[in-house]
Amino acid sequence: MNFRIFIRSIKIITVVLCSMEVAVAQQHITSFTLNSQEYLENGGVNVMLAHDFYPEGHQGGVGIIQQGQRVATNGDLRLEPTPGQWSPTPKVGKRVVNKGSREVSVRMEYPNQEVNRKGFNPIIYPDLNFAYTLRIQPAGESFKIIVDLDKPLPASWENKVGFNIELFPGILFGKSYYMDNQPGIFSRQPNNQLYKDESGEDQVKPMAMGRTLMVSPESPAQQLIIKNIGEGNLELLDGRARHNNGWFVVRSLVKKGASKKAIEWLVTPNAVQNWQRKPVIQVSQIGYHPSQQKIAIVELDKKDLKRYPATLLRLSEKGGFEKVTALKGKDWGDFLRYHYLQLDFSNVTQKGMYLISYGSYRSNPFSISPDIYKENVWQPTIDYFLPAQMCHMRVNEKYRVWHGWCHLDDARMAPLDSNHFDGYIQGAETLTNFKPGEHVPMLNRGGWHDAGDYDMRVESQAETIYGLTLAYEQFAEKHDNTSIDQKTLVTEIHQPDNKPDILEQIEHGLLSVTASYRSMGRFYRGIIEPTIRQYVLLGDPANLTDNIDYDSSKKQGESFQSNIPDDRWVFTEKNPRRELETAASLAASSRVMKGYNDTLSKSCIEIAQAIWEQNTANDLLERTHLASELLLTTHERKYANYLINKLATITSKINQTGWYIGLSMAAVNDKNYSAAIKKAVQTMFANIQKQGLLTPYGVPYEPNIWGAGWTIQNFGARQYFLHVSFPDIVSDRYMLDALNFILGVHPGSNTSSFVSGVGSRSMTTAYGFNRADWSYIPGGISSGTALIRPDFPELLDWPYLWQQGEYVLGYGTTDFLILAMAADHLLNSK
């Protein structure tokens with residue numbers, strides 16, 4: 001062969017081979033599309049814009065979900081490099097989806113408004129008014145973020161406004177990054193130097209600056225490239241240096257004179273080829289009673305068409321597993337972004353420890369036992385959580401002090417015409433004999449802190465008192481594991497004192513609510529820290545005040561007096577609804593205090609009756625609740641007659657009234673009244689049955705930004721009372737399904753029990769006063785799985801998301817107690 005011909009042949013073959021390699025490579029190149037939910041999608045990567053707007057909770061703007069993990073959020077123009085909870089946010093306008101170009105955009109505006117909050121740390125919008133359009137558009141395997149300003153920013157705001165996107169720290173600790181060629185590690189704690197800006201505010205020096213940021217190059221599932229293709233550099237900042245609940249922030253500034261494409265980024269989240277989410281097996285993390293319906297849920301990627309064998313395995317007393325039965329998966333269908341199978345093993349009743357396998361995937365272990373709800377379920381809430389939340393006490397647990405004496409200097413009357421940063425409003429008068437700033441006596445005893453905060457809302461106190469009262473009346477639980485001394489103001493966990501703990505806790509709540517009425521002639525709206533610096537404190541509430549009443553006439557350091565105005569403020573209000581509901585809790589608790597604390601019992605019923613006479617708002621539904629409780633406590637016929645006269649209102653609002661009206665129906669003793677209520681309950685329950693079919697979990701459930709845990713356990717507790725009052729109409733099924741939901745049978749890959757310390761897996765990183773320690777309070781009930789709109793259920797292992805991990809007082813605590821006690825009572829009486 002001619003040498004030239006040979007060389008030419010080699011070149012042709014090389015070109016062909018190269019072309020084939022390019023063709024093969026192109027088969028693996030994917031690109032973003034616009035899906036039916038109106039967000040961009042590329043395999044396991046999703047990009048949302050303005051489905052949510054909750055920047056304080058790290059939801060909103062541009063958000064990225066990558067291989068089933070939310071990695072970035074709050075992509076938007078912000079006025080600060082690392083904004084906090086009370087920072088200015090834009091007003092959201094119209095969201096537009098262009099299906100042709102696959103572009104999604106939203107109209108945003110920073111309004112020129114000033115919020116005057118007299119007497120408090122002001123939250124002020126700066127003198128700035130500008131509007132812009134925020135756009136995302138596909139660019140192959142990348143997408144662009146573009147910001148178009150209507151007009152350039154005023155000169156005074158040049159190089160101050162920037163585009164931020166927040167990176168979730170919880171998956172980045174110990175991971176690496178490159179900013180251009182500068183390497184770095186995402187550290188577990190903020191290490192960056194702070195400095196004073198021109199206005200005197202503390203700001204964070206960037207971790208790195210450059211044009212291109214590569215996040216987590218060692219982890220294909222999280223690898224993310226952000227490139228500023230507009231003017232200027234990117235900055236990588238650690239927002240935790242200014243706010244404990246901050247995230248890592250990527251930011252670039254809007255340049256002088258910029259309007260169209262004032263910001264332009266190219267973002268490339270790595271899409272793992274053919275990625276599918278692993279199956280998730282959802283079971284109650286404590287287990288099931290033998291006679292209980294038992295349905296496990298398998299949550300699947302919608303693209304996952306494989307079906308693996310499912311098996312119920314029993315853990316042998318000798319070690320290892322015993323196959324009990326094969327489980328046939330019932331194909332339930334799609335819900336949110338996943339597909340669901342139901343595995344029914346209700347016929348299994350043998351006592352023991354079990355787990356479920358689905359192919360190579362296994363659930364956490366759980367128990368089947370008639371004693372399943374008797375121990376280590378509701379007890380931690382009584383033994384730990386409620387004691388830890390007690391205000392005006394020192395709370396000990398053997399060698400540990402949960403917190404010291406706190407707020408013994410409560411409280412001063414709030415300033416007039418003031419709007420507190422946490423939402424409390426004091427009007428043009430105090431509604432009491434006390435002047436603004438004056439010390440109000442008798443408020444330094446009793447009550448509970450409102451979980452993640454240290455304030456005391458009257459509705460939280462009343463709901464907790466009422467829920468505990470109902471639990472004690474229904475189940476007469478004499479559990480005693482705690483000593484509460486109201487003279488020394490010391491609580492000792494794991495030290496019995498021969499008094500039922502539930503009654504001691506009811507007494508503690510009543511000491512606060514009744515004292516406020518006796519001192520001020522009305523209930524407080526709330527008692528709360530006066531400054532943001534106090535309000536955001538993490539840790540021991542003993543550090544919030546000096547426990548000494550403020551006296552402006554005294555010099556600092558004089559014994560037993562203080563000129564430090566750190567005392568909490570007490571707010572009052574005219575709110576007939578809240579007043580009636582609080583009175584209803586007092587009327588009920590009077591019954592259980594009788595024989596335990598007769599003085600308090602008498603005070604409760606006298607206050608409730610006084611409210612009945614003074615608050616004549618007959619058009620309010622809450623008045624029927626007070627009438628119902630007063631009837632059960634006093635047996636006076638006038639309350640029964642009132643309920644009979646309000647029958648039309650009661651039946652038309654049976655979803656709200658049925659659960660408590662049923663408890664007093666026998667005391668009303670009127671056949672027509674009872675028949676009408678039963679008919680309304682039948683209609684209501686038929687609707688519940690229909691709603692229960694809409695999800696694989698068997699309970700009415702509409703996911704929202706906030707976790708649905710408290711709502712669903714409240715639904716479940718009400719189902720119990722309906723079942724008790726109308727057993728021939730309302731079954732116990734939905735009550736038990738609600739309990740299972742709380743204990744682990746809920747959407748998302750995090751199958752934790754929402755109740756900390758309860759079950760084989762539970763929320764052990766939660767939002768209480770201990771959140772800075774990445775810890776939990778046993779028995780605290782978190783808000784649970786939230787929704788990243790439009791379709792992503794999420795429960796992060798992160799201590800600073802109140803919409804997912806926060807504890808609360810009120811029904812958010814006591815409904816779980818009622819559910820767990822009720823399950824034990826009902827299932828063991830069959």
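The second largest pocket in this predicted model is lined by 33 residues, of which G68, Q69, S749, N750 and L795 lie nearest its centre. On a 1 Å grid over the protein atoms alone, a pocket is an open set of points with protein on both sides within 12 Å along at least five of seven lines, a cavity is a set of points where a 1.4 Å probe fits but cannot get out, and lining residues have an atom within 4 Å of a point. Local features need pLDDT of at least 70 and side-chain atom pairs count only at pLDDT 80 or more, while totals for chains, interfaces and linings use all residues. Residues are numbered from 1 along each chain as its sequence is written, and side-chain values use heavy atoms, with hydrogens and water left out.

**Second largest pocket**

- The space in the second largest pocket is about 690 Å³, where a volume is the space filled by probe spheres set on grid points joined across faces, edges and corners.
- Strand 5 (69-78) and strand 42 (792-794) each supply at least two residues of this pocket's lining; strands (E, at least two residues) and helices (H or I, at least four) are DSSP runs, numbered from the N terminus.
- Strand 42 gives the most to the lining of the second largest pocket, with 3 residues.
- The lining of this pocket divides into 12 nonpolar, 15 polar and 6 charged residues, counting Ala, Val, Leu, Ile, Met, Phe, Trp, Tyr, Cys and Pro as nonpolar, Asp, Glu, Lys and Arg as charged, and the others, Gly among them, as polar.

**Cavities**

- There are 7 cavities of 30 Å³ or more.
- The largest cavity has a volume of about 120 Å³, and its lining includes P55, H58, R78, E166 and H243.
- By class, 2 nonpolar, 7 polar and 3 charged residues line the largest cavity.
- The second largest cavity, of about 100 Å³, is lined by 16 residues, with M48, D52, G60, G63 and I788 nearest its centre.
- Strand 3 (45-54), strand 4 (59-66) and strand 5 each supply at least two residues of the lining of the second largest cavity, and strand 4 gives the most, with 6 residues.
- The lining of the second largest cavity has 7 nonpolar, 6 polar and 3 charged residues.

**Nonpolar cores**

- The largest nonpolar core has 164 residues, of which F345, I356, L626 and I677 touch the most other members; such a core is a set of buried Ala, Val, Leu, Ile, Met, Phe, Trp, Tyr and Cys residues joined through side-chain atoms within 4.5 Å.
- Helix 16 (residues 811-827) supplies the largest share of this core, 11 residues.
- A second, separate core of 60 residues includes F32, F173, Y177 and V215.
- I677 is in contact (heavy atoms within 4.5 Å) with L647, I650, T651, I654, I661, M665 and F726, leaving aside neighbours within four places in sequence.

- Helix 3 (residues 458-475) has 18 residues and reaches 26 Å from its first C-alpha to its last, close to the 26 Å expected at 1.5 Å a residue, the expected span being 1.5 Å times one less than the number of residues.
- T311 lies in strand 24 (residues 310-315) and is buried, with a relative accessible area of 13%.
- Leaving aside neighbours within four places in sequence, the contacts of T311 are K323, T325, A326, L327, L355, I356 and S357.

How values were computed
Buried < 20%, exposed > 50% of the residue type's maximum accessible area, 1.4 Å probe, protein only.
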